[in-house]
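Colleague: I would like to go through this model with you, one point at a time. Let us start with the ligands.

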Amino acid sequence: MRIAVCLKQAPDCSSVYVDPVSGEVDTERFVQTLNAADACALEAALRLKEQSGTGSVFALTLGPGESEEVLRVALAMGADTIERLWHPSAADWGPLTIAAALAARLRADPSLPDLIFCGEQSSDWASGTVGPALAAYLGLPQITGVIGLEAQQDSGQLLLRVTRRLERGYRERLLARPPLLLTVHETLNEPRYPSLPAHLAALQAMITVRDPLSLPQFAADFEAEETTIVEVRTPRPRPHRLLIPDSQLSPFERIGAIITGGTSRRQARLVEGSPEELAHELVRFLKERGFV
Amino acid sequence: MQQIASEPVVTQPIEERLELVRFKVDKRPHIRVNTEACRGCDLTPCVYVCPAGLFEILGGEMHFSYEHCLECGTCYVACERKAIEWDYPRGGWGVSFRAS
Amino acid sequence: MHAQQQFDVIVVGAGPAGSSAALVLARAGLRVALIERGEYPGAKNVSGAVFYAPGLLAELLPTFWDEAPFERYITRRVLTFLGKESAFSLDFRTRHFAIPPYNGVTVLRPKFDRWLASKAAEAGALLITSTVVDDLLYEGERVIGVQCRRDDGALYAPVVIAADGANSFLAKKAGLQREFSAEEMSLGVKEVLRLGARTIEERFNLTGDEGMASEYVGEATGSVKGGAFLYTNRDTLSLGIIVQIASLAQQRVRPYELLDRFKQHPAVAPLVRDGVTLEYSAHMIPEGGWQLVPRLVRAGLLVAGDAAALVFAAGIFLEGMNFAVASGLAAAETVLEAHRHGDFSTTTLTGYQKRLEQSFVLQDLQRFRLTPAFVNNERLQNLYPELLCQAAEQVFRSEGRPRKKLGSTILTALRSKVSLWTLLRDGWQAGRALFF
Ligand SMILES: Cc1cc2nc3c(=O)[nH]c(=O)nc-3n(C[C@H](O)[C@H](O)[C@H](O)COP(=O)(O)OP(=O)(O)OC[C@H]3O[C@@H](n4cnc5c(N)ncnc54)[C@H](O)[C@@H]3O)c2cc1C
Ligand code: SF4
Ligand code: SF4
């Protein structure tokens, strides 16, 4: 099984500082790392490969020289091959052009990989577009927002049981077969901490760099670009009542307690009866809630 | 000599300051406090010396959180009862200064 | 053993001590592993920071003045005695410090350490970041490598340089350093404030790349033993306090409250006005001086920089980076010599100690060995600065009444607070600590 993972270097969330007065982001204080969701995508790919016992993982990034760091992380974690795409003009590319370049690179091999993993979104712009656009360019089915993934063999073929995240806390369970593209949410798994020999080898590895403009299948519609930023401002979330968790718990457990303890499942009630009864019931309900 | 009354000093809450610092928080705590030992500790030096204000006595109990630790080591030097088990976080985790 | 895990020398810690050592060793053609626990060199490091005697590095790195990320060169040094409501300053400036190699330059450690480590890497050292060294590996009495906190984390080399900073865990594990007491360690807390280059130059009377280093004693840290500093960077200020841990615990004040108090002192507030805080940081400093310097070597191991408590902290002086660099270089030379002879025994490595004894590193520490105790004297910390300010006030006050002469003004102020005998003794100790 051949798996490709698309990675991006992005400022780590905890290093983003927004000036409370001007609302501007202080880019000087960024710490660039492997985007959190992409690390989970890579981890998922490695686990699938290890579980199946055969196959390879190819890690690909499009970015300037500094972003080789993320490929070294990928190599240390266990990627078999790595490659960087770059052209100076790519600094201004939007997600669609980036996806077109990645697609062109993956098409440059004799056949497409069986599975392609991407992070669901990057911590900087969080447009969540590159993965879906890449699937579209490659003509592959896709599942976005993966938060659960299990593989099993079904009459000699790989079958994936996927849980994906929907809005408002809903979940969707799907069965899927390759070829397929998955975009992974950063809660899917905990990326591994590489061993020392792997870390050393990765630090010293040579990294292949390709110019995406030289790829024969690269067909970007630069005109179609794409996103215009009208305004940037900090979100003002609606206040919620929160449960105060035990301070002895680790932050992850505390956040878990907040998430599950602070809200309850939405309740739906199905009322049956004659139109009259229903109308009464409705009026009663509205009165009860103080609407009428 | 006549003393001019000092302006009261307004101090910025420590949490606000720590918001300016980058932390990559590991799930595993790198500092453990043997809170049993704290019960008979009168002076509680850790509460005063920690530059991140991570030690707090609430209702007679020691509460400690490691997430915003600046990794200075002051607490274990100050604690005479050796109640603090101190280690560095995993490589690459914990605090990362950017402007200091 | 994997060939990949075998090096000629392992340096733990990519601070100024470790990176300078690694640079020299890699240049000499050795296979060097430079191990750093931060996600990048400098991520865990805090200094004021004036890097004194930058010539030490500039000699090694010809491109230093073009490339090194230093902020300003220091041409103005100020020492201020703070009273509760007043301040008495000695202000020194000279153009002699404005000529390369400057006497001191301000640096920001995350940038500076990253750059210095990158120079070591360019010279051929393998910079291994995000990796904690947990322990040393031994064969009999000899150190033969380090254990890193990763799977298969052993790395081997006939000699290890522990440049792992103030906590000095490796030296402690190797039985060279003892546990610290809260009297000999200080805590530094610091803020970086953005002001803009123009404002800094106007406010501190500087032109171009000139900078100021300003130290404060007395009311700067209230009744806690210690001092404060304010240094100019290109467009930010570094401002902080350095306090003895034992004293902080005794007085039961929190360091960040002291820092705020210092910032709001009437003599300091106008200097930091409108500064936007960019970062808050803290670090320990081994200020015990000569007393705290451990045995520096054992077979296969040398200890350098803060890890060996090689910090010159004598009242208004706080020099550690230059001591770290100098000790790193001396350690590197010793390792090169040991490699030439293929002998890593304690006897050969003791050459490191000799090198330090011949340089300013141990000479300054020894010469000023009484100073730490002297500057932590309560009267020096609080009483004398306050009295100095009071005396100055008497001198300058013009009330339309006949004035007393200066000498009697000061003496009266002093005599009301301390006995003549104490005064003489402090004077004698001041002399011993600083002058002869
Ligand atoms: C507030 C403050 C102000 C100061 N002001 C000045 C000043 O103005 N001028 C001056 O010259 N000095 C100053 N100093 C002192 C100066 O910071 C130190 O003396 C200097 O940093 C020592 O350098 P070093 O290389 O020995 O140690 P460090 O700079 O501490 O470097 C040690 C390195 O080792 C790494 N490390 C530690 N343990 C491990 C491990 N187990 N595994 C892997 N890596 C490890 C650390 O992450 C770090 O990068 C100041 C200090 C403080 C706290
Ligand atoms: S100083 Fe030590 S024993 Fe005392 S309260 Fe703090 S951690 Fe506990
Ligand atoms: S190491 Fe420093 S910041 Fe961390 S808990 Fe101890 S005193 Fe506080």
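Colleague: Which ligand sits in the largest cavity?
Modeller: Keep in mind that this is a predicted model. The test for sitting in a cavity is that more than half of a molecule's atoms lie within 2 Å of its grid points. The molecule in the largest cavity is ligand 3.

Colleague: How many residues surround ligand 3?
Modeller: A residue is near a molecule if one of its heavy atoms lies within 4 Å of it. The closest ones here are B:C50, B:C69, B:C72, B:G73 and B:C75.

Colleague: How many residues of the shell around ligand 3 are charged?
Modeller: Take the shell by class. It has 11 nonpolar and 2 polar residues. Cys counts as nonpolar, and Gly as polar. The number of charged residues around ligand 3 is 1.

Colleague: Now ligand 2. How many residues in its shell are nonpolar?
Modeller: Among the residues around ligand 2 are four cysteines by name: B:C38, B:C41, B:C46 and B:C79. B:V33, B:P45, B:M62, B:A83 and B:I84 are also around ligand 2. The shell has 1 polar and 1 charged residue. The nonpolar count for ligand 2 is 9.

Colleague: Which residue around ligand 2 is the charged one?
Modeller: The shell has 1 charged residue. Asp, Glu, Lys and Arg count as charged. The list around ligand 2 includes B:T44 and B:R81.

Colleague: What is the radius of gyration of chain B?
Modeller: Chain B has 4 helices and 6 strands. From the N terminus they run α-β-β-α-α-β-β-α-β-β. The C-alpha trace spans about 55 × 40 × 25 Å along its principal axes. A compact globule of 100 residues would be near 13 Å, but the radius of gyration of chain B is 16 Å.

Colleague: On to chain C. Which strands are the edges of the open sheet of 3 strands?
Modeller: The order is β8-β9-β10 in chain C, with antiparallel pairing. An edge strand pairs on one side only. Neighbouring strands are turned by 35° against each other on average, direction ignored. The edges are β8 (133-139) and β10 (154-156) of chain C.

Colleague: Which residue in β9(C) stands opposite C:L137?
Modeller: β8(C) pairs with β9, residues 142-148 of chain C. The sense is antiparallel, over 6 bridges. The residue opposite C:L137 is C:G145.

Colleague: Where is the cis peptide bond with omega near -5°?
Modeller: Chain C has a cis bond from C:G48 to C:A49, but its omega is near 10°. C:A49 lies in the loop between β2 (32-35) and β3 (50-52). C:P101 is in the loop between β5 (87-93) and β6 (104-107). The bond with omega near -5° runs from C:P100 to C:P101.

Colleague: What is phi of C:S130?
Modeller: C:S130 is in the loop between β7 (126-128) and β8 of chain C. Its phi is positive, in a residue other than glycine. The value for C:S130 is near 55°.

Methods. Residues are numbered from 1 along each chain as its sequence is written. Chains are lettered from A and ligands numbered from 1 in the order in which they are written. This is a predicted model: local features need pLDDT of at least 70, side-chain atom pairs count only at pLDDT 80 or more; totals for chains, interfaces and linings use all residues. Side-chain values use heavy atoms; hydrogens and water are left out. On a 1 Å grid over the protein atoms alone, a cavity is a set of points where a 1.4 Å probe fits but cannot get out, and a pocket is an open set with protein on both sides within 12 Å along at least five of seven lines; lining residues have an atom within 4 Å of a point. Two strands pair if DSSP finds at least two bridges between them. Helices (H or I, at least four residues) and strands (E, at least two) are DSSP runs, numbered from the N terminus. Axes are lines fitted to C-alpha atoms, for helices over the stretch in contact, and angles run from 0 to 180 degrees between N-to-C directions. The radius of gyration is taken over C-alpha atoms; the globule rule is 2.2 Å times the number of residues to the power 0.38.
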